[in-house]
Amino acid sequence: MAARFDVAARKLSLDEGLCKYLRTPNREIIVHIPVFMDSGQLEIFEGFRVQHSIARGPCKGGVRYGPNVSLDEIRGLAAEMTWKCAVVNIPFGGAKGGVLCDPEKLSPGELERITRRYTAEILDYIGPERDVLAPDMNTDEQTMAWIMDTYSMHVRHTVTASVTGKPVDLGGSRGRRAATGRGCMIVSDESLKRFGRRRDQTRVIVQGFGNVGSQAARLMHEAGYKIIAVSDVHGGTYNSQGLDIPRLLEHVKAGGNAKDFPDGEPIDNTEMLEQDCEVLLPAATESVITSKNAGKIKARILVEGANSPTTAPADDILFERGVFVVPDILANAGGVTVSYFEWVQDRQGYFWPEDDVNEKLKHIMVLAFNDVVQYGEKHNVNNRIAAYMLAIDRVAFSLKLRGIYA
Ligand code: NAD
């Protein structure tokens, strides 16, 4: 993130002081969370919340739980949220939070107590006008319900807009669950238009079959794309004639892995990325396209559903080879966009039908896609640097209008 920020800031000839300011988070909070474990023993967990920017509105960002969560990781992700919100032009700054713990070893009761005390510790710094929390790695709708309830108990009334990614019955938005995958499809559609290609002539490979990957594969299959390979952490399944995605979803729901799907050939995760296709959609984890395999990628279009699937050296190789990259801060911004809609609906107390959510999402994603591509063409930079430049430019402009209270 920092390497790409520096390139973009240099290209924008950003003032040195402003550059320092935008590179640094506004606030970093470290909390120590006491929790009684089911055994009766008292344990202390470390938690973080980093608020990178409030230049364009309240902070917005997920909370992750995991055994390797660190302040440095959270710091980078918080800044990335600022740029993502600015690319899709929604009125938020970026934040991220986390608790250092191993969720696999914790009972639901222990997770609930960690969540509630974490919320109480950061309470003064969060809320609909300050910082709006959301799910991330190892946190879900239930975690958001606990955060929302704890916040509401302290302020003495129900504040649904304090978090997004809640259950629909508690003020969540229709369409949120599929939003990131839908956003990936929208930017794929826009990319195809540039190449004069139809969906039914387009072969797609999807890495990762979790929230983002499975929803993107489902929607793209329904829209007529040919999904020829899909993988999860255990490996992939390949069928040159196109996979039956509804059947694959049933197979996975019944406890199966992608590589055992009877209608496809098993394929190794690394090998799968290098197969011939038009669209490659990494939607699993970071750093899967590196300087080692970037030269072997045959896709013409890379849609980054995951965060940071491509390393900075791989970027240059892909650019030289003419791969059209839709960078993560644009491609997977459908999730934060519908989170923004959730926040708006909660504040209005009026909830939109799913079709309205999807239509508004499409409007924002298409605008952002065109903004990024045109910015890149105008400044002769690749789409990733263009997305960063556009985002930094927007945040810097808001800061200039507000003035820096220094
Ligand atoms: P998830 O946990 O629901 O799914 C992850 C999937 O990737 C699983 O199928 C898992 O088996 C697979 N996987 C993990 N490691 C893998 C590997 N090394 N090789 C192949 N497959 C692997 O997660 P998700 O919510 O779908 O998120 C996926 C990515 O998208 C992450 O980078 C996340 O930060 C990013 N993202 C998610 C959202 C969202 O709304 N969920 C929004 C923006 C960005």
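What follows is one connected answer about the core and its setting.

Mentor: This is a predicted model, in which local features need pLDDT of at least 70, side-chain atom pairs count only at pLDDT 80 or more, and totals for chains, interfaces and linings use all residues. Residues are numbered from 1 along each chain as its sequence is written, and side-chain values use heavy atoms, with hydrogens and water left out.

The largest nonpolar core has 82 residues, among which Leu22, Trp83 and Val303 touch the most other members; such a core is a set of buried Ala, Val, Leu, Ile, Met, Phe, Trp, Tyr and Cys residues joined through side-chain atoms within 4.5 Å, where buried means under 20% relative accessible area with a 1.4 Å probe, counting protein chains only. Helix 14, residues 383-402, gives the most to this core, with eleven residues; helices here are DSSP runs of H or I with at least four residues, and strands are E runs of at least two, numbered from the N terminus.

Beyond its neighbours within four places in sequence, valine 303 is in contact (heavy atoms within 4.5 Å) with Cys184, Val187, Ser188, Val279, Leu280, Leu281, Pro282, Val326 and Ala331. A second, separate core of 25 residues includes Tyr65, Val99, Leu133 and Trp146.

As for the setting, the chain holds 14 helices and twelve strands, and 58% of its 406 residues count as buried. Among contacts between residues at least 6 apart in sequence, 67% join residues at least 24 apart. The C-alpha atoms fill a box of roughly 55 × 55 × 40 Å along the principal axes.

Note on methods:
Buried means under 20% relative accessible area, exposed over 50%, partly exposed in between (1.4 Å probe, protein chains only).
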